[in-house]
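Please keep the sequence and the structure in view throughout.

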Amino acid sequence: MTRNLALRLVLVIFAALLVLSPVGHLAASTAPSNYHWARQSKQFTVRAGDNYSGVWDRLVPWAVKGWSKSDTVTIKTVKGGTSAQACNPTKGKIEVCSFNYGTQTNWLGLTRLYFDSKGQHIESATVQMNDSFFNQRGGKYNSDAARRHTICHEMGHAIGLDHVNTKSCMNDSQSAVFNNVVPINKDFKQLARIYKHTDSYTTVAGKQKKDKKAEKDKQGKKSKKDAKKQRRKEAKKKLRERKRAGKAGIVAESALDANETVTMERLDNGQTVVTFITWAAE
Ligand SMILES: [Zn+2]
Ligand SMILES: [Zn+2]
């Protein structure tokens with residue numbers, strides 16, 4: 001089964017679910033997603049691969065700079081690891097791509113989160129910008145605001161953020177596409193919350209900054225009691241993560257808004273992939 005077909009199948013299943021159980025769908029859409037990268041310190045750096053061209057050479061670094069105002073996440077642009085057209089994932093990285101993916105796809109931006117084998121943490125992500133819309137002559141989305149909104153929005157998903165009803169670019173309403181182009185303080189607070197815990201392993205590639213607490217732990221000797229407490233804490237955390245992953249379930253998630261669809265699928269290799277699709281409105 002090709003990935004496209006799988007995705008379409010998931011969408012069909014999702015549409016069916018919508019008709020059959022509108023209540024279930026509502027419940028799913030209000031649940032926090034908790035998608036995040038694994039890391040051993042609260043502050044971390046994630047690399048974003050350059051598989052883009054044209055205006056994106058200017059706008060991707062601009063969006064990266066906007067998100068990096070967060071004390072939690074630093075995004076660093078690096079050499080790309082895929083082709084713009086295929087936009088395949090690379091472990092530990094976000095691959096950012098721009099290409100004329102066609103208007104028949106009907107999407108402006110697409111973010112896919114690939115999870116580790118435990119299904120608990122993001123281990124790679126891809127962000128795609130559809131130039132067929134952004135460069136369409138006389139097109140509605142051929143606007144600086146729509147481009148800025150979309151790159152800001154998709155990068156936000158790639159670092160684990162969900163939709164909001166604020167002035168943030170994470171707002172997915174049609175008016176936000178043309179008005180909300182940057183992250184706001186609330187987004188940075190949410191990132192701090194998402195990444196408040198540390199993990200026992202790391203899925204982000206590259207050298208990581210150590211945060212103050214980790215440094216202190218390394219220098220000072222901890223008492224046995226502390227160590228025991230820490231182990232218990234970690235066991236609890238693991239349990240929580242497993243629960244979260246379980247709750248996220250498989251098949252399909254929800255359409256949080258008419259403009260966006262979130263799907264969850266299981267690839268043939270058993271890997272879980274979450275896709276956020278920002279649709280172009282009619
Ligand atoms: Zn975690
Ligand atoms: Zn979205």
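Q: In which sense do E4 and strand E7 pair?
A: This is a predicted model, in which local features need pLDDT of at least 70, side-chain atom pairs count only at pLDDT 80 or more, and totals for chains, interfaces and linings use all residues. Residues are numbered from 1 along each chain as its sequence is written, while chains are lettered from A and ligands numbered from 1 in the order in which they are written. Strands (E, at least two residues) and helices (H or I, at least four) are DSSP runs numbered from the N terminus, and two strands pair if DSSP finds at least two bridges between them. Between E4 and E7 (residues 272-279) there are 7 bridges, and the sense is antiparallel.

Q: Which residue in E7 does Gly-109 stand opposite?
A: E7 covers residues 272-279 and pairs with E4. The residue of E7 that stands opposite Gly-109 is Thr-278.

Q: What is the bridge partner of Arg-112 in E5?
A: E4 is also joined to strand E5 (residues 122-130), by 7 bridges, and these two strands run antiparallel. They form a hairpin with 6 residues between them, and Gly-119 in the turn has a positive phi of about 75°. Within E5, Arg-112 has as its bridge partner Thr-126.

Q: How many of the 9 residues of strand E4 are buried?
A: A residue is buried if 20 or more other C-beta atoms lie within 10 Å of its own, exposed if 12 or fewer, and partly exposed in between, with C-beta atoms placed from the backbone. Strand E4 (residues 107-115) is largely enclosed by the rest of the structure, because the number of its 9 residues that are buried is 8.

Q: Why is Lys-93 counted as buried?
A: Lys-93 lies in strand E3 (residues 93-99). Lys-93 is buried because the number of other C-beta atoms within 10 Å is 23.

Q: With which residues is Lys-93 in contact, leaving aside its neighbours within four places in sequence?
A: Two residues are in contact if their C-beta atoms, placed from the backbone, lie within 7 Å. With those neighbours left aside, the contacts of Lys-93 are Arg-47, Gly-49, Gly-81, Ser-124 and Ala-205.

Q: How many of the residues of H5 are buried?
A: Helix H5 (residues 144-158) reaches 21 Å from its first C-alpha to its last, close to the 21 Å expected at 1.5 Å a residue; the expected span is 1.5 Å times one less than the number of residues. H5 is mostly covered, and of its 15 residues the number buried is 13.
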